[in-house]
Amino acid sequence: MGADRTADLRSDKSLLTDAQIAIAHDVLDRVASDGIETVRLAFADQHGVLRGKTIVAGALASAFRNGMTMTSTLLLKDTAHRTVFPVWEDDIGFGAGTLTGAGDVLIVPDPSTYRRLPWAPNSAWLLCDVRYRDGSPMPFCVRSLLKKAVDDLAADAMALVCGLEFEFYVFNVENAHLAHADAGMPATPPQTSLIAHGYQYLTEARYDALEPVMEELRVACAEVGLPVRSMEAEFGPSQCEFTFEPADPLKSADDTVLFRSLVKQVCARKGLHATFMCRPKLDGIMASGWHMHQSVVDARDGTNLMIPAAPGTLSKTADGWIAGLLEHAAESCVLTTPTVNGYKRYQPFQLAPDRIQWGRDNKGAMIRGLMEPGDPASRIENRVAEPTANPYLLFASQILCGHDGVRRGLVAPAPVENPYSSDAVSLPSSLIAALERFDASDFYQKALGEDFVRYLSHIKHAEWDRYLMTVSEWEQREYFSLF
């Protein structure tokens, strides 16, 4: 690349590094050669939901140079898309004029994330970071928070390798509920039916019933470069699982938001409804989990630091990493299990954790240890997360907690053999219980910053308060006739 070619995508705001600018020029060439006409500029919001704008291909160079303005209230919404901060006041809690007045912030496309979208003809996709309008970093960009956690780990010559397993549901849509009265915040959910009966875990027959959907999704994943490893028919009716090849945390998080978006969009175009909701309120449903395999490696040569020296032992790194995850598990649940619904998965005898503990190759424990002498794939599997979790915050929490345990030389407790009858401390039983631990966390105040902790807590408290004010079906059945 000539120096002048580098300079023509640089602005006074210095949004891209020289290395990114070089990649951006290659992306502009690919856009032309691929016949791309529109580009989706997307960023992951506080919930891990993709938002953004679509531009014509000719405007992409300007977006690389100057970023794209975006309404700041998009960062201030709960899961019903309601703005939950008083944006018309002078100060919403982060200093006068910060994120007030529904003014603009910038999203800055990362050229390394370029994908052509096979299900949207002539369209491409770029993931963005969020900054203040003057180009300066902001504490509410979840992608930037993960980058900082990765960099801090690298400063101690360590890196995390992630392997991901996603469980989700795909249903036929019987009634999309698109009448005017069905609009709202949130809208009326669709009425659905099954694609396949469940309760025949990993049988060929159940997979074959789901195979047309699995194949559509597999092909779409391959075409956008998502490293699918396996597809499985899970236990629940119409429940699927996709697993992915190991990768670094930022790539894994980027791939996660693209995968969830891909699944929902590809299915919707086929008249299907895909959901990553942990436990949908439908007959016979099994809760969906998100299992995160983790290996800590030497950042200099890739040596796996979790390989034990002898059977039944832990390496020093694995010991500290597991202990750190356990110590901070309760205060981390807002990041690993961010919805009201997700806590209804923490039940015994359901292949889901309900207590803060670890075991060797035990799928009832929160952390499953898979480490043997000489095994280069030695790792742990944290089974605590729900599939809706914001991947940037989930992965950051794992790095921050595990790294803290290693730095402090913490020692993991003995592994459990009977996870549903142990005396280990229970995971929080509700979102409000998790919020109370998160709000009181000195650890996250320091690790993520006071502004971010107050910001995320405010949003989740608003969501919880709205949940409490809704009269449930249980209350109607319990009291309407009795009293």
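How many salt bridges does the structure hold? The structure, a predicted model, holds 24 salt bridges.

## Nonpolar core

The largest nonpolar core is made up of 134 residues. Leu 41, Phe 259, Leu 262 and Tyr 455 are the residues with the most contacts inside this core. In soluble globular proteins, nonpolar side chains tend to be buried together.

Tyr 455 touches Gln 46, Leu 75, Leu 76, Phe 85, Phe 94 and Phe 140, when residues up to four places away in sequence are not counted. Ile 459 belongs to helix H12, which covers residues 450–468. Ile 459 counts as buried because its relative accessibility is 0%, the limit for buried being under 20%. With neighbours within four places in sequence left aside, the contacts of Ile 459 are Gln 46, His 47, Leu 75, Lys 77, Asp 78, Val 84 and Phe 85. Gln 46, Leu 75 and Phe 85 are therefore touched by Tyr 455 and are also in contact with Ile 459, as the definition of contact applies to each. Ala 183 lies 276 residues from Ile 459 along the chain, and the C-alpha atoms of the two are separated by 22 Å.

## Nonpolar surface patch

Tyr 199, Tyr 201, Leu 202 and Phe 235 make a nonpolar surface patch of about 400 Å². Phe 235 is located in the loop that runs between strand S9 (228–233) and strand S10 (239–244). With a relative accessible area of 32%, Phe 235 is partly exposed.

## Salt bridges

Lys 270 and Glu 216 form a salt bridge in which the closest N and O atoms are 3.3 Å apart. This pair links distant parts of the chain, 54 residues apart: Lys 270 is in the loop between helix H6 (249–268) and strand S11 (272–275), and Glu 216 is in helix H5 (residues 204–223). Glu 216 is partly exposed, at a relative accessible area of 35%. Asp 255 and Lys 251 also meet through their side chains in a salt bridge, at 2.6 Å from N to O. Because they are four residues apart in helix H6, Asp 255 and Lys 251 are separated by about one helical turn. Asp 255 is buried, with a relative accessible area of 7%, whereas Lys 251 is partly exposed at 32% relative accessibility.

Another salt bridge joins Arg 408 to Glu 327, with 2.7 Å between the closest N and O atoms. Here too the pair links distant parts of the chain, 81 residues apart: Arg 408 is in the loop between helix H9 (391–407) and helix H10 (431–439), while Glu 327 is in helix H7 (residues 316–327). Both partners are partly exposed, Arg 408 with a relative accessible area of 44% and Glu 327 with 37%.

## Cysteines

How many disulfides does a search of the whole structure find? The search finds zero. A disulfide is a covalent bond between the sulfur atoms of two cysteines.

Cys 128 is buried, at 2% relative accessibility. Cys 278 is in no disulfide either, and the nearest cysteine sulfur, in Cys 333, is 12 Å away. Cys 278 is buried, at 0% relative accessibility.

## Backbone geometry

Most residues other than glycine have a negative phi, and most peptide bonds are trans. Met 185 and Pro 186 are joined by a cis peptide bond, with omega about 5°. Pro 186 sits in the loop between strand S7 (158–175) and strand S8 (191–193).

Ala 102 is not a glycine, yet has a positive phi of about 55°. Its position is in the loop between strand S3 (68–71) and strand S4 (104–109), and Ala 102 is partly exposed at 26% relative accessibility. Leu 351 likewise has a positive phi of about 55° without being a glycine. Leu 351 is in the loop between helix H8 (329–336) and strand S13 (358–360) and counts as exposed, at 55% relative accessibility.

Definitions and conventions:
Residues are numbered from 1 along each chain as its sequence is written. This is a predicted model: local features need pLDDT of at least 70, side-chain atom pairs count only at pLDDT 80 or more; totals for chains, interfaces and linings use all residues. Side-chain values use heavy atoms; hydrogens and water are left out. A nonpolar core is a set of buried Ala, Val, Leu, Ile, Met, Phe, Trp, Tyr and Cys residues joined through side-chain atoms within 4.5 Å. Buried means under 20% relative accessible area, exposed over 50%, partly exposed in between (1.4 Å probe, protein chains only). Contact means heavy atoms within 4.5 Å. Patches are made of residues with over 30% relative accessible area and no salt bridge: like charges are joined within 9 Å, nonpolar side chains (Val, Leu, Ile, Met, Phe, Trp, Tyr) within 5 Å. Accessible areas come from the Shrake-Rupley method with a 1.4 Å probe; for residues, only the protein chains shown count as cover. A salt bridge is a side-chain nitrogen of Lys or Arg within 4 Å of a carboxyl oxygen of Asp or Glu. Helices (H or I, at least four residues) and strands (E, at least two) are DSSP runs, numbered from the N terminus. A disulfide is a pair of cysteine sulfur atoms within 2.5 Å.
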